[in-house]
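Have the viewer open as you go.

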Amino acid sequence: MPEPPLADAELIARVVVSDDRHAFSELVRRHQSAVRTTLRRLTAGNPALADDLAQDTFMLAFRHLGSFRQESKFSTWLYRIATNAYLADARKRKDELLGDRAADVADDEGDDGVGPDGQLHLDLPTPTLRRPGVGVGGAVGEALALGVED
């Protein structure tokens, strides 16, 4: 008879205590679809950028898993990391596009980037496609590679 699936908290404990790569791979498998969906919404449907940010999200989650206090659900913590990754990327892209004019544009009155629908709109360049797990070493790369469905 198959064993019941482990709870996220048990998998997290295995990763933190024993550096269990399979446990982290299972966390990625469980949550990657929801994280990617959230990021696709934030990136206005850009799947390549959403996948890059999802990879960044799981890399950051792995690095900081020991600081997860379990005061909220693991998925909530992941969504916060994903949102922060998106916001950091948007700021970086805005600075790259504007260069020295970033301060001037910030001071301009009127165009704050918020459209009539109340959503923030940024004209961002199309990112290069990166296969999840490629170029990422160690346990994170291994887990991301295991969790990707071809």
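## The fold at a glance

Keep in mind that this is a predicted model. The protein has six helices and zero strands, so the order of elements from the N terminus reads α-α-α-α-α-α.

Of the 150 residues, 35% are buried. As for contacts between residues at least 6 apart in sequence, 59% of them link residues at least 24 apart.

## What sits in the core

The largest nonpolar core counts 24 residues, and Leu 27, Val 35, Leu 39, Phe 74 and Trp 77 have the most contacts inside it. Four helices each put in at least two residues: H1 (8-18), H2 (21-42), H3 (47-63) and H4 (74-98). H4 is the top contributor, with seven. In general, nonpolar side chains in soluble globular proteins tend to be buried together.

Leaving aside residues up to four places away in sequence, Phe 74 touches Asp 8, Ile 12, Leu 27, His 31, Leu 65 and Phe 68.

## How H1 meets H2

How are H1 and H2 packed? Their axes lie 8 Å apart, at an angle of about 140°. That angle is why H1 counts as oblique to H2, and the crossing is left-handed.

On the H1 side, the contact uses Asp 8, Leu 11, Ile 12, Arg 14 and Val 15. H2 answers with Ala 23, Phe 24, Glu 26, Leu 27, Arg 30 and His 31.

Conventions:
Residues numbered from 1 in each chain as written. Predicted model: local features only at pLDDT ≥ 70, side-chain atom pairs only at ≥ 80, totals over all residues. Heavy atoms only, no water. Core = buried A, V, L, I, M, F, W, Y, C linked by side-chain atoms within 4.5 Å. Buried < 20%, exposed > 50% of the residue type's maximum accessible area, 1.4 Å probe, protein only. Contact = heavy atoms within 4.5 Å. Axes fitted to C-alpha atoms, helices over the stretch in contact; angles between N-to-C directions. Parallel < 35°, antiparallel > 145°, perpendicular 65-115°, else oblique. Left-handed = near helix turned anticlockwise from the far one by under 90°.
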